[in-house]
Amino acid sequence: MVIEPKVKGFICITAHPDGCEENVRRAVEYSLSHKSIADNGPKNVLVIGSSTGYGLASRITAAFAFGAATVGVAYERPSSGRRTASAGWYNNAAFEKYAAKYDIPFDSLNGDAFSDDMKAQTIEAIKNTMPGKKLDMIVYSVAAPKRTDPQTGEVYSSVLKPIGNPYSEKSVDFHTGKVSSVSIDPATDDEIAATVKVMGGEDWLMWINALKENDLIAENAVTLAYSYIGPELTHAVYKDGTIGRAKIDLEEKAREIDKLLSDIGGKAYISVNKALVTQSSAAIPVVPLYISILYKLMKENGTHEDCIMQMNRLFHRIYDSSSVKDVPTDEFGRIRMDDLEMADDIQNRLKDVWSIVSSDNIEEITDIKGYRDDFYSLFGFGLDNVDYSRDITDF
């Protein structure tokens, strides 16, 4: 059949296998053109949440810029005969194709990263993919709306809400370009706690404990988790909202992991990344409008980065340092990959645009088109070099 995008709200329920492969191919080519010459780069890498966004970009960077063997864990949907697979499923297949082409060891597991069973399967996969070796990098990049606690069986659901007071601000329907005010009621205490359970650092810590108990973490290993802070404009719904509360927990768990790895010289970092179009960020009110303005300003400034560019810069920042413990950080020990986004000139100009943006001028004074293009690209649509008229029978 001919596969076309079918969108419901902030999610596309179809994905194009050729388009997803083209996305991966471009990221692979970028990483190959930015190969590391560092002797201390990662050689054995686990990426938990490896099929989309920053997780996929991390795996591609590790494999193709640093030549690392990788094990990837993701939870993606295969095709059902009449329905396409998820974009992440096709991304994983494309990654495996190129890793095999360049003779880079890999294994991929599909299942619930929150479960004890998936942790056990992954440990066996590491032993088989990297025989006699240990992990020198563990990337935790899980973004899920729900989590089943493996100890209690209770299911927790995250919410995207402010804390304390209702929140009203401009937002945009990025499909139509209509700018309107959105109002969100504050989260309850139970919703805050559930969001922390899903999006906080508890599972990251559980992964590191399991790997260390099985003696699979090398000396001087690095583990990374990803976060976002953003400008004051988005703080009520992000930094000071339920997601922000989860990120506080993530930072607390990073400090616990630091102590856990101290005997082998390991280090846990939170990398604060740039705002980008992802399946997660598309669901957050206000953020699509903010990103549309940000994209235009950063592209005009020559400082725009996509996922693969940012992850390559992050990995080089870590491994070009004299040691993994000497990576430049802020006063809270976080790696600030949002430095270009948060530059004063960008943020000051952004405030000016925000004050006047409306449905009438959004196409002219923002990069809403770039936002739409990136959204559809997440699912393999709208890319050059892809024949979207092709009748696909093997999806």
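This is a predicted model: local features need pLDDT of at least 70, side-chain atom pairs count only at pLDDT 80 or more; totals for chains, interfaces and linings use all residues.
Local features are given where pLDDT is at least 70, side-chain atom pairs count only at pLDDT 80 or more, and totals for chains, interfaces and linings use all residues. Residues are numbered from 1 along each chain as its sequence is written, and side-chain values use heavy atoms, with hydrogens and water left out.

View A. H16 lies in the loop between strand 2 (11-12) and helix 1 (17-32); helices (H or I, at least four residues) and strands (E, at least two) are DSSP runs, numbered from the N terminus. The relative accessible area of H16 is 0%, so this residue is buried (buried means under 20% relative accessible area, with a 1.4 Å probe and protein chains only). Beyond its neighbours within four places in sequence, H16 has contacts that include I3, Y90, F379 and Y388, contact meaning heavy atoms within 4.5 Å. I3 is 13 residues from H16 along the chain, and their C-alpha atoms are separated by 6.4 Å. A polar atom of the H16 side chain lies 3.2 Å from the backbone nitrogen of D18.

**View B. Strand 4 and its pairing partners.** Six of the six residues of strand 4 (residues 69-74) are buried, so the strand is largely enclosed by the rest of the structure. A69, V71 and V73 lie on one side, and T70, G72 and A74 on the other. Strand 3 (residues 44-48) runs parallel to strand 4 and is joined to it by five bridges; two strands pair if DSSP finds at least two bridges between them. Within this pairing, T70 in strand 4 stands opposite V45. On the other pairing, five bridges link strand 4 in the parallel sense with strand 5 (residues 106-110), where D107 is the bridge partner of V71.

**View C. Helix 8 and its covering elements.** Helix 8 (residues 242-261) has 20 residues and should span 28 Å at 1.5 Å a residue, and the distance of 29 Å between its end C-alpha atoms agrees; the expected span is 1.5 Å times one less than the number of residues. Among its buried residues are I243, K247, L250 and I257. The cover over the buried residues includes helix 5 (189-199), helix 6 (202-213), strand 11 and strand 12 (267-272).

**View D. S227 in strand 11.** S227 belongs to strand 11 (residues 217-227) and is buried, with a relative accessible area of 9%. Leaving aside neighbours within four places in sequence, S227 is in contact with K247, L250, I270, S271, V272 and N273.

Conventions: Buried means under 20% relative accessible area, exposed over 50%, partly exposed in between (1.4 Å probe, protein chains only). A polar contact is a pair of N or O atoms within 3.5 Å; within protein, one must be able to donate a hydrogen and the other to accept it, and residues adjacent in sequence count only if both atoms are side-chain atoms.
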